[in-house]
Amino acid sequence: MTTVTTRTVEYPADGLTMIGHLALPAGAGRRPAVLVGPEGTGLNDFQRRRADALAELGYVALAFDIHGGRWFTDPEEMLARCLPLLADPDRMREIGHAALDVLRAEPRTDPDQIAAVGYGTGGAIALELGRDGVDLRAIGTINATTTGRPGEAARIRCPVWAGVGSEDPIMPPAQREAFTAEMQDAGVDWRLVVYGGALHAFHHPPVDQTVRAGVGYHPRHAQRAWSDVVDLLAECLPVTE
């Protein structure tokens, strides 16, 4: 395990001051880098730890913010913020590009070797960066089989991996089918893993907040999904000394 250095970074996006979490691996040279996007509730310690874990693997990692430092405990308040955002690809891209600029500006980052990984809303933002033609090495999403504007998936320039729970009522079979049809029609190198018996946000350990119906933690699949993400990065964005 390598020594990881972390710091908080503030930057403007979506009319807010975003507060991200940057994790740097040991050493002084440039490294491949990963954007880590949070689910709709916002950036919390779970995603910060994911960024730290990626730094331990040798990546520069930025867990980016989507709510200006807020983390929602009330599902209705979270939806009031997220639903308009998810309906506006340009806003999502603005948030994603602002975080990407921060990551690229970090001296340890190899700006030509960047991937984006996201959960829920953060995964949708990662996909929108791909649809906007950003030169990424891989896109990985969990609970984010979101579709985009017609034809724009053809601008995705990297492999796309998506994981979703079979019992997720927010990303049901019809949504999954629309997503895979979009990827296939656009000629994207895509993969979809359906985790049997898992609900929405199955990756996230329980927290002290109100939980919507259809949301629940599945520890076995959570670990499998994380392993799949790490494998995606190892394939598309290997760390070399």
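Helices (H or I, at least four residues) and strands (E, at least two) are DSSP runs numbered from the N terminus. The model is a predicted one, in which local features need pLDDT of at least 70 and side-chain atom pairs count only at pLDDT 80 or more, while totals for chains, interfaces and linings use all residues. Residues are numbered from 1 along each chain as its sequence is written, and side-chain values use heavy atoms, with hydrogens and water left out.

Helix α5 itself covers residues 173-185, and its 13 residues reach 18 Å from first C-alpha to last, close to the expected 18 Å; that expected span is 1.5 Å times one less than the number of residues. Its buried residues are Arg176, Phe179, Thr180, Glu182 and Met183. Seen down the axis of α5, these buried residues fall within an arc of 155 degrees, so they line one face of the helix; the arc is that of the directions from the helix axis to the C-beta atoms. An α-helix has 3.6 residues a turn, so residues three or four places apart point the same way. On the face turned away from the buried side, α5 carries the exposed residues Ala174, Glu177, Gln184 and Asp185. Just after the helix, Gly187 takes a positive phi of about 75 degrees.

Glu182 pairs with Arg131, with the closest N and O atoms 3.0 Å apart. Arg131 lies in helix α4 and Glu182 in helix α5, so the pair ties together parts that are 51 residues apart in sequence. Both partners are buried: Arg131 has a relative accessibility of 0%, and Glu182 has 14%.

The count of salt bridges comes to 15. Among them is the pair of Arg149 and Glu152, whose closest N and O atoms are 3.3 Å apart. Arg149 is partly exposed at 29% relative accessibility, whereas Glu152 is buried at 17%. Through shared partners, salt bridges join Asp90, Arg93, Glu128, Arg131, Asp132, Arg149, Glu152, Arg155 and Glu182 into one network. Another pair is Arg70 with Glu77, at 2.7 Å between the closest N and O atoms; here Arg70 is partly exposed at 41%, and Glu77 is partly exposed at 35%.

Turning to the whole protein chain, there are six helices and eight strands, which run β-β-β-α-β-α-α-β-α-β-β-α-β-α from the N terminus on. The radius of gyration is 16 Å, close to the 18 Å that the globule rule gives for 241 residues, so the chain is as compact as a globular protein of that length. This radius is taken over C-alpha atoms, and the globule rule is 2.2 Å times the number of residues to the power 0.38. Along its principal axes, the C-alpha trace spans about 45 × 40 × 35 Å. Of the 241 residues, 53% count as buried. Among contacts between residues at least 6 apart in sequence, 68% join residues at least 24 apart.

Methods. Buried means under 20% relative accessible area, exposed over 50%, partly exposed in between (1.4 Å probe, protein chains only). A salt bridge is a side-chain nitrogen of Lys or Arg within 4 Å of a carboxyl oxygen of Asp or Glu. Contact means heavy atoms within 4.5 Å.
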